[in-house]
Amino acid sequence: MEVKTSLLDNMIGVGDMVLLEPLSEDSFIANLRNRFDHNEIYTYIGSVVISMNPYRSLPIFTPEKVEEYRNRNFYELSPHIYALADEAYRSLRDQDKDQCILITGESGAGKTEASKLVMSYVAAVCGKGQEVNKVKEQLLQSNPVLEAFGNAKTVRNDNSSRFGKYMDIEFDFKGDPLGGVISNYLLEKSRVVKQPRGERNFHIFYQLLSGASDDTLKKLKLDRDFSKYNYLSLDSAAVNGLDDAANFRTVRNAMQIVGFMEDEVQSVLELVAAVLKLGNIEFKPESRCNGNDESRIKDKNDLKEMCELLGTEQTVLERAFSYRTVEAKQEKVCTTLNVAQAYYARDALAKNLYSRLFSWLVTRINESIKAAPKSRHKVMGVLDIYGFEIFEENSFEQFIINYCNEKLQQIFIELTLREEQEEYVREGIEWTNIEYFNNAIICDLIENHQNGILAMLDEECLRPGTVTDETFLDKLNTICAEHLHFESRLSKSSKFLTDHSLPHNCFRIQHYAGKVLYRAEGFVDKNNDLLYRDLSQAMYKANHSLMKQLFPEGNPAKVNLKRPPTAGFQFRHSVGTLMRNLQTKNP
């Protein structure tokens, strides 16, 4: 007779923290450490999985492991992300409940890898067959494409997601995948034009220069040498363990599997090349330009090649970098751009060109992977979104990323702690109410429609008169002064007056995961996200196959004098939609 071993028989430490005695922060951390030291990187808290990033490959993701966890009870085997994926998949298939898998953690914790493990597990255990296999392959291959264009090396992580991704995978009644839909959230587009020290631009730039054939590079008018491009920082161009050339071949192959046509791939690469060329356009100071006839542009070769890639007239683009037309009621006013404004316009165009290309890629992938419309699909959502970040210098991007993480923490608190405690009440179980920190107060500080930080930033961006990062900070100092989670040297609350760890041009927020110091510089600009209309119209006129889709506002027949919504407003709106979606599913 076979004796069944229990999960508890040869367990390192305690596999489920619910059973940990005595329970304190110290015993909790010690248990995690003990397990981690024995290569046990997964530990449960009830139905929640804690995953520790081992920063190396472990032999625990093999086809044999997949078989081991398939159709087994969640607590039957030692903790593993496969057990979670199996539980979600079986609940979806057998109980007809839509599921979502939330993956949270700070930058570098291993969220992207975890989301890929969940997807590959589900792909391995669901049905087989020609059509099903094609769907599975397309869903899995969407990853390398989006990673190439949306991930980058940061100081925390060599493959950091610089955008948020939520994927709904749709299944039929048998539990076979039919297709999926990807939503993307706010790409960190400032990275296109400037990277912090020790970080890289998005992977695709390095992959293209390292891995494309000589013939392809010639067609794209590019050189293999990274140092020839202003937009590629040099101090960290090569990354240990990253083979950009091999990854480029993987991306090309993945694009083919997902369903990109050869001419579409070429169009995408032309735009990547155009962004690199754009960064090399430099302007002469006004004093060096004699009269209106002489060009502002130093060396026209990069401009010429960029115009050839985009199929646009050089004179049109030159003019858009020299003048700005402002339309008011029935009047058009043309002003000359100074050197700083010309560089601002150049960088704004590069950021918009790249981020709109990224959104187009997501839409194009969705066209390929979407399920045929049917009455009822079962849905499993997988959320892999940028993690909580504290860098040496934190700006608008970190503020937005950390706001998103506050919202996820809020949903996590609601779905786990609150519901668990309510269940005890319903079932009349005697228990001690556990006090926990509810971070709704921090979410409110950021998103309140009247006096939240984002609302005040919008107010500053939209009001007439002189608006600067300083006027924005003044407003925060007046309105948020009394808030328990807001700190600033100049706020009406005098307790920070002598706090020298708080520079005058910064504010600090006490997030659920720690205090973060934000520099106000750049907040107004990045929230405004302005692209001069002359540039949109120049792009719309280009002959390149994607331009009319990427710059619809450049259509002269549809000039809209209304201001486009700010970056902060759009992000708050899309995060709200995401949270409502997650709340309809079983987490």
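**Chat about a predicted model**

Colleague: What relative accessibility does Arg 252 have, and how is it classed?

Modeller: Arg 252 counts as partly exposed at 24% relative accessibility, where buried means under 20% relative accessible area, exposed over 50%, and partly exposed in between, with a 1.4 Å probe and protein chains only. This is a predicted model, in which local features need pLDDT of at least 70 and side-chain atom pairs count only at pLDDT 80 or more, while totals for chains, interfaces and linings use all residues. Residues are numbered from 1 along each chain as its sequence is written, and side-chain values use heavy atoms, leaving out hydrogens and water.

Colleague: Which residue forms a salt bridge with Arg 252?

Modeller: Glu 262 does, with the closest N and O atoms 2.5 Å apart; a salt bridge is a side-chain nitrogen of Lys or Arg within 4 Å of a carboxyl oxygen of Asp or Glu. This pair links helix H9 (residues 262–279), which holds Glu 262, to helix H8, which holds Arg 252, 10 residues apart.

Colleague: Switching topic, where does Ser 190 lie?

Modeller: Ser 190 is in the loop between strand E7 (177–185) and helix H6 (203–211), these elements being DSSP runs numbered from the N terminus (helices: H or I, at least four residues; strands: E, at least two).

Colleague: And what is Ser 190 in contact with?

Modeller: Apart from neighbours within four places in sequence, Ser 190 is in contact (heavy atoms within 4.5 Å) with Lys 351, Glu 397 and Lys 526.
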